[in-house]
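Reader: I'm new to reading protein structures. Could you walk me through a few features, one at a time?

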Amino acid sequence: MSPLDRSLTIGPLGLSVGQLLLMLSIVVALIVGSWLGRRRKVYVGDSVFNAALLGVIGARLFFIAQYGGSYDTFWSWLDIRDRGFEPLAGVVVALVYLVWRLWRQPCERRPLGIAVISGALTWSLTAGALVLMAPQGASIPSTPLTTLQHGEVTLPAVLSEAGRPMVVNLWASWCPPCRREMPVFEQAQQERDDVTFVFVNQGEDLSTVNAFLQQESLTLDNVYLDQNNALGHDVGAMAMPTTLYYNADGTLVDTHFGELSRATLDRSLERFNL
């Protein structure tokens with residue numbers, strides 16, 4: 001798992017490291033812009049905020065343009081909890097706005113330009129350093145798991161037997177996002193025979209898991225127990241849900257922290273080139 005996709009818990013809130021670093025970069029840009037703006041009696045905080053907001057909107061709209069057919073309703077387009085964004089498109093939209101703003105407001109050029117550069121440098125130095133220090137091509141962990149029939153199993157063994165790419169979802173019945181995305185996985189598991197879907201429950205016992213599956217009328221294959229949260233620790237996922245994508249060789253090719261939709265699942269499955 002990339003260090004930017006590792007998750008952190010702050011009370012009941014779960015955030016990926018990448019999200020935290022992005023927010024840090026925006027805060028730095030706002031602080032620098034406000035400080036320089038006060039010296040020149042020019043307020044650039046709104047410009048920095050608008051650039052960030054328009055970037056987010058642009059990234060979302062571009063993603064919807066690509067995967068809109070995977071959403072059931074128009075209102076689901078607005079549910080950004082699935083993290084369905086196209087980052088490069090967002091950067092382009094933000095830059096276009098900033099160029100327009102600098103052209104229209106010459107007095108903002110110096111403080112706004114330095115603020116944006118400060119935010120970009122903060123992101124580069126923090127996120128870039130983490131990526132460079134991280135081991136590449138993480139392999140699927142051999143964490144011992146328990147089947148619903150009280151047997152023992154490991155993910156490499158399941159991968160070897162199936163001989164195809166694997167999607168591993170870390171979940172718990174008390175986690176609302178986990179519960180909401182389960183029907184998406186159930187449908188995908190029924191439709192895709194070229195991918196193995198595995199569901200590893202974190203920290204709950206057999207009776208709790210069976211009761212949840214029965215209550216929600218879910219028919220899922222490859223449901224395993226990890227009562228000590230060992231797998232989450234091994235892959236650096238401290239909050240749920242987290243979804244890991246391994247190719248047929250057992251190498252991690254993508255991750256998704258937080259709730260996903262069919263659209264974000266479809267995008268990640270494309271990484272397998274199936």
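Predicted model: local features only at pLDDT ≥ 70, side-chain atom pairs only at ≥ 80, totals over all residues.

Reader: Okay, which residues form the nonpolar patch on the surface here?

Author: Phe49, Leu53, Leu54, Ile57, Leu61 and Val93 do, and together they have about 500 Å² of accessible area. Helix H2, residues 45-67, gives the largest share of that patch, with 5 residues. Phe49 is found in H2, and its relative accessibility of 49% makes it count as partly exposed.

Reader: Now helices. How do I read which way the residues point?

Author: An α-helix has 3.6 residues a turn, so residues three or four places apart point the same way. Now try helix H5, residues 155-162, where Leu155, Val158 and Leu159 are buried. Looking down the axis of H5, you'd see its buried residues within an arc of 100 degrees, so they line one face of the helix.

Reader: Which exposed residues does the face of H5 turned away from its buried side carry?

Author: Ser160 and Glu161. The buried residues of H5 are covered by elements including strand S5 (166-171), strand S6 (196-202) and helix H8 (230-235). After H5 comes Gly163, with a positive phi near 70 degrees.

Reader: And how many disulfides are there?

Author: For a disulfide, two cysteine sulfur atoms must be within 2.5 Å. By that rule, the count is 0.

Reader: Are Cys175 and Cys178 buried or exposed?

Author: Buried means under 20% relative accessible area. Cys175 has 2%, so it is buried, and Cys178 is buried too, at 1%.

Key
Residues numbered from 1 in each chain as written. Heavy atoms only, no water. Buried < 20%, exposed > 50% of the residue type's maximum accessible area, 1.4 Å probe, protein only. Patch = residues over 30% accessible without salt bridge, like charges linked within 9 Å, V, L, I, M, F, W, Y side chains within 5 Å. Areas by Shrake-Rupley, 256 points an atom, 1.4 Å probe, with all protein chains shown as cover. Salt bridge = Lys/Arg side-chain N within 4 Å of Asp/Glu carboxyl O. Helix = DSSP H or I, 4+ residues; strand = E, 2+ residues; numbered from the N terminus. Arc of directions from axis to C-beta. Contact = heavy atoms within 4.5 Å.
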